[in-house]
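Hi everyone, thanks for making time. Have a look at this one with me, and then I'll walk you through it.

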Amino acid sequence: MNTLVLSGSGVTIADIAAVARQDTIVTATPGVWARLAEARAVLDAAAASGQQIYGLNTGLGANLKTAVADETGEFQPQLVRGRGAGVGPALPRDETRAVMAARLSMLATGGSGLSPDVFADLLALINHKVHPLVPSIGSIGAGDLVLLSAIAQTMIGEGQAEYDGVVLASAEALSKAGLRPSVLGPKDGLSLLNASAVSAGKGALAVADARVLLDYQRQAAALSFEGLGGNPLILTPAIQRARPAAGQMREAEGLLARLDGSSLYDARAAIQDPLSLRCVASIHGALAHALDAAREAVEIELNAAADNPLVLVDENRVLSTGNFHTPSLALAFETLGLAIAQTALACAARFIQLTGSGRNGLPRYLSSVGGASAGFVPLQKTVTALAGAIRHKANPVMLDFLPVSEGVEDHATQTLLAVAKCADMLGLWRHLIACEMLAGAQAVDLRAGHRCGRGTQQTHDLVRSVAGPLIEDRPLGHEVSRLAERLRDTGA
């Protein structure tokens, strides 16, 4: 089994996806353990000197000015319990593992002051596949404390967790896994909570999935070129160099490679195709650019010390920070959502072109029998419904917050909501791509003597492995769903 070895840097979205979905084991280098011990020593020394340290000897939020004397060691468990205010459905198993892996990656940088023993407990939790039930609602993007509380609760033997497919009381889950509840030292509870690990973990999976879907979208668009008899000259490299917008040249090159060998080059093509076809390289290029920006934003979080307060080992001091605040991450996912929506709407537009009243020699509704046959036209409603749902989720949310904690926390980023709605688009988009692929394959089949390019022939074969050509009217919704599921299961 593969292993993710944390070193305090270099963790990628692919690493998080492997831990989340392939149960990759997580370990840490000796250097990480040394940094954890050193940071803990700095924190303890600062506390012993009488320094006020947020969340160690002070209350949180509006209770900042309340001094805490914790002779009994009960403040950190109290802090964990008091932040358990999340609601809503629990995160799926893979997202929970992504969150745990993200927090471990952040803690490995050594800025939290977390006790090495508690770090070891969190490693054991994920490696023994004990998965806390993490609620999905409660973060406003100023750290994910309310949601991360569920993980800390399980670590101290409270709350609920899934183990071996069964939801149990956390104490029982730990016992069955051969683990003991954590004993939290000063600031350990806050160190487990005060970060954007839910946003980063869920965001890592969303970016990983979107990258796969973009490749399927490229395949679908290339097949639409074939089906609509599009003019491949629009992809000429010189055209792209004349206006080298983000990603445009690379996307045009990819489409040309898929169309290589197509009889489109032998046909008399239209001077100008509809914009959803003619401008596809720039549309996809913009999305590829947004995906790169989202990946970078997530990976910054995964490899950053986002704690408050932060232990600065090199300077031998502890300072309060705002590193838990994630406006850049929120903005990256707002942009990614808009880029996905733009791409999905172009996909829907090509579907309407393919299935309309007859364009570029195609029969009406892509029906091979004509007459009263509905052909593909009823799917236009489904495509419109999918596009509408995607447009709704593309609406920005990062400005939708209220001041909380008596005005101490008077700004927020709604990062998790931005990430979640972007992730929610992906299933809708996957179905749209399936619709376009089905229509594109049908159009190709209706073009007598047409020869697909090498890449587009592979896409056509993929579609036909799921659904045959439409001859007489039949329910197409099931075939869309089957193909969409195939696009989920098959790596691009």
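Take the contacts (heavy atoms within 4.5 Å) with a separation of 6 or more: 77% of them in this protein are between residues 24 or more positions apart. Bear in mind that this is a predicted model, where local features need pLDDT of at least 70 and side-chain atom pairs count only at pLDDT 80 or more, while totals for chains, interfaces and linings use all residues. Residues are numbered from 1 along each chain as its sequence is written, and side-chain values use heavy atoms, leaving out hydrogens and water.

Of the 492 residues, 53% are buried, meaning under 20% relative accessible area with a 1.4 Å probe, protein chains only; exposed is over 50%, and partly exposed is in between.

So what about the largest nonpolar core? That's a set of buried Ala, Val, Leu, Ile, Met, Phe, Trp, Tyr and Cys residues joined through side-chain atoms within 4.5 Å. It has 144 residues, and Phe119, Phe333, Leu336 and Trp429 touch the most other members. Helix α16, residues 415-445, gives the most, with 19 residues. (Helices are DSSP runs of H or I, at least four residues, numbered from the N terminus.) Domain 1 (3-194) and domain 2 (213-316 + 326-490), with bounds from an automatic or database assignment, both contribute residues, so this core lies between them.

Beyond its neighbours within four places in sequence, Trp429 contacts Leu213, Ile340 and Ile390, among others.

Last stop, helix α17, residues 454-464: its buried residues include Thr456, His460 and Val463. On the other side, Arg454 and Gln458 are exposed.

How values were computed. Helices (H or I, at least four residues) and strands (E, at least two) are DSSP runs, numbered from the N terminus.
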